[in-house]
Structures are given as structure tokens and as C-alpha cells.
Amino acid sequence: MTNYYNFHISVISPVYKAEAVLEELVSRISSSVESITDNYEIILVDDRSPDRSWEKMVAIANANPRVRAIRLSRNFGQHYAITTGIDIARGEWIVVMDCDLQDKPEEITSLYKKACEGFDVVLARRFERKDRLVKRMFSKIFYRTLGYLTGTHQDESVANFGIYNSKVISSVKSLRESIRYFPTMVQWVGFETTSINVEHAERSQGKSNYNFDKLLRLALDIMLAFSDKPIRMVIKFGLFIALLSFVFVGFTLYKWLNNDIEVLGYASLIISIWFLTGCTLVTIGVVGLYVGKTFEGVKNRPLYIIDKDVSCSLEQIQKYDKEISNCEV
């Protein structure tokens, strides 16, 4: 009998523009997880999708008590939707995956088997990504830049898809900063982590919601949240400019002592003013970004707001289990 308050596996999927694939997603997740246990839940979090995803989610949740449908009050973003899911998940093991079926639900069994070898986190490594060339290029640039600016190793073949022990998720849940990026938060909390190669499917419907502008903004937010390296880079750049100016002053003084200077150059003066003004503005801008994000964090606003929650009761699950058992007999 299913224990309503203590599932063995919770599967979390943030939903956005997935109306056409939701039924298949839930069906394939159920088939995969049921090969492991019948004690599971599926949590779908609607990030205020503009299509009819919510209506689909409600219909699925009403037909299948194992499915819990959550709708946020507005579009908060993918990683805030994931945060919503992990906050309410009650599983010993938590699977996080995208809703577009590029993360294949059938790989959950492989992730679970690897976790049973003693790992707390098993990440899915997409050894052959089926995304378009432009997206792969943007993704590679994003992860390389992010890794450099945060001083961490970032693998572009690994995203959110993986299985996580409840103690890992509990640690991630304790991180309540306003900027959310699930993979980096998992990396920060530590624990025994490994990865396995999984098959990456082609996108069957629509296109990715992450364009270059969104990736750039995401990278900037993560950089500000997890690293002070930009400030350090600005300081080093300032020291370099100061050293360069001393060299230039010495060179100018040498020319003046040798009577080689007749009229100071207008062009060099204007170039110096524009260059140093630009450096000053960049420095102020970087510091301002950190101050702005700090101001945003100290407001202590909720990370997300739930508008609707369609979930089942213990009696419904028990009745559902009994009906399924009778059908099997």
C-alpha cells in the first residue's frame, strides 16, 4: 500500500508550453518508475504556461492520483518551478527532468540503479545532444563562460536531469537565495556525485525557450549569485591601468626632460579621457549589479507563489491502488 507521506521516488518536471506532450510524459514516467516501485509521485509545476498546459495537467491529475499539478501565480522561471517541486516532494529519491521529452523517462531506471551503488547524486550526461547547432553553440559558450566566471567546472552535457537523494534535496532546499540555478546549487552542497551517459531525444514539439538573451541574463545572474570573480577581475584591471599610467607618465617625463615635447597631443588626451571614463563606468556598473542583487535578496520575498494545487487525498490513493490491484487480478 502506498504511504502518502513517504514516497520512494518523486519525479518533478517544470512545465512550460508542453500541452502536446504531457500525457505521453506522464505515461512514460509511470511505466519507467513502476519497474522500480509502485510507491511514487509525479509533480508537475506549471510555470504559468501561455498554452493549455494547465488544463491538461488538471485532467491528468484528476484521472491519476499519483500526479500532483501545481500552478504558479506567474512565470517565475524554470529553476523557480524546480524549487517549488523540491519543496513539496516527499520522496526518498527525487528525479528532476524537463517536460519536453528530450530527457527520456526510460533513463530513470538507469539513474536509479547507479544511485543504488552508493551515490547520492547521479546526473544524466547527454553524450550526443540532439539539439540544433545554434543552441549547442550558445550552450557551450554559456557553460564555458559560467565556469570561468564562477571558478567551477561546468559540463555542458549535464543539465537538470538526474536523481537526487532526499538529504541532498534537503540541503538544496535550505539555500533560499533569490537567484536560483539548480545544477550549481547541487554542485555547491556536495555529496557523492557521479554521472552516466544517457540517450538524448530530439525535440518533438516546439523549440527551446532559452534564446541567447535569456542565456546571457541567466549566466549574469548565476555569476553574481555564486562568485565574486567579476569584482576581482575589475580590481586587477584597475591595477593594470594604474601600472600602465605610471609607465606612460615616466615615458612622458623622460621626453619632457629631453625637450622632445613641444605641444601635448589632443588626440591622446581625448582617447585617455574616453578610455578611463569607460573603465570607471564598467567598474561602477559591476559594483552596482552586486548592490542591486543584494538589495533584491534582502527584501526576502517568496521565491514563488502557488496559485492552484490539484493533488489527491490519502483515501483517493488507497482507492486507486485497490482498483489497480483488482484489475491485475
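This tour goes through the structure one selection at a time and says what is to be found at each stop.

**Before selecting anything**

The model is predicted, so local features are taken from residues with pLDDT of at least 70 and side-chain atom pairs count only at pLDDT 80 or more, while totals for chains, interfaces and linings use all residues. Residues are numbered from 1 along each chain as its sequence is written, and side-chain values use heavy atoms, with hydrogens and water left out.

**The whole chain**

Show the protein chain as a cartoon, and its secondary structure comes to 11 helices and 8 strands; these elements are DSSP runs numbered from the N terminus, with helices being H or I of at least four residues and strands being E of at least two. Of the 329 residues in the protein chain, 44% are buried, where buried means under 20% relative accessible area, exposed means over 50% and partly exposed lies in between, with a 1.4 Å probe and protein chains only. Switch to a surface, and the accessible area of the protein chain is about 18400 Å², with 58% of it belonging to carbon and sulfur atoms; such areas come from the Shrake-Rupley method with a 1.4 Å probe, and for residues only the protein chains shown count as cover. Among the contacts in the protein chain with a separation of 6 or more, 84% are between residues 24 or more positions apart, a contact being heavy atoms within 4.5 Å.

**The sheet**

Next, select the strands, which form an open sheet of 8 strands in the order S7-S5-S6-S4-S1-S2-S3-S8, with mixed pairing; two strands pair if DSSP finds at least two bridges between them. Strand S7 (193-198) and strand S8 (306-310) stand at the edges with a single partner strand each, so one side of each is left without a neighbour in the sheet. Neighbouring strands of this sheet are turned by 20 degrees against each other on average, direction ignored. Axes here are lines fitted to C-alpha atoms, for helices over the stretch in contact, and angles run from 0 to 180 degrees between N-to-C directions.

**Strand S4 and its partners**

Select residues 91-96, which are strand S4: because 5 of its 6 residues are buried, the strand is largely enclosed by the rest of the structure. Strand S1 (residues 7-15) pairs with S4 in the parallel sense over 5 bridges, and here isoleucine 12 has valine 96 of S4 as its bridge partner. S4 is also joined by 4 bridges to strand S6 (residues 158-165), and these two run antiparallel. In that pairing, valine 95 stands opposite isoleucine 163 in S6, and isoleucine 94 stands opposite tyrosine 164.

**Serine 13 in strand S1**

Which residues does serine 13 touch, not counting residues up to four places away in sequence? They are Leu25, Ile43, Leu44, Val45, Met97, Asp98 and Cys99. Serine 13 is found in strand S1 and, at 1% relative accessibility, counts as buried.

Move to the loop between S4 and helix H4 (108-115), where lysine 104 has its place. With 19% relative accessibility, lysine 104 counts as buried. Leaving out residues up to four places away in sequence, lysine 104 touches Arg28, Met97, Phe161, Glu199 and Ala201.

**Helices H6 and H7**

Select residues 166-173 and 182-189, which are helices H6 and H7; their axes come within 9 Å and cross at roughly 110 degrees. H6 and H7 are therefore roughly perpendicular to each other, a term that covers angles of 65 to 115 degrees, whereas those under 35 count as roughly parallel, those over 145 as roughly antiparallel and the rest as oblique. The contact is made by Val168, Ile169, Ser171 and Val172 of H6 together with Phe182, Met185, Val186 and Val189 of H7. H7 is mostly covered, with 6 of its 8 residues buried, and Pro183 and Thr184 are among them. After H7 comes glycine 190, whose phi is positive, near 90 degrees.

**Glycine 118**

Finish at the loop between H4 and S5, where glycine 118 is found. Glycine 118 is exposed, with a relative accessible area of 51%. The C-alpha atoms of glycine 118 and threonine 193 are separated by 9.5 Å, and the two residues are 75 residues apart along the chain.
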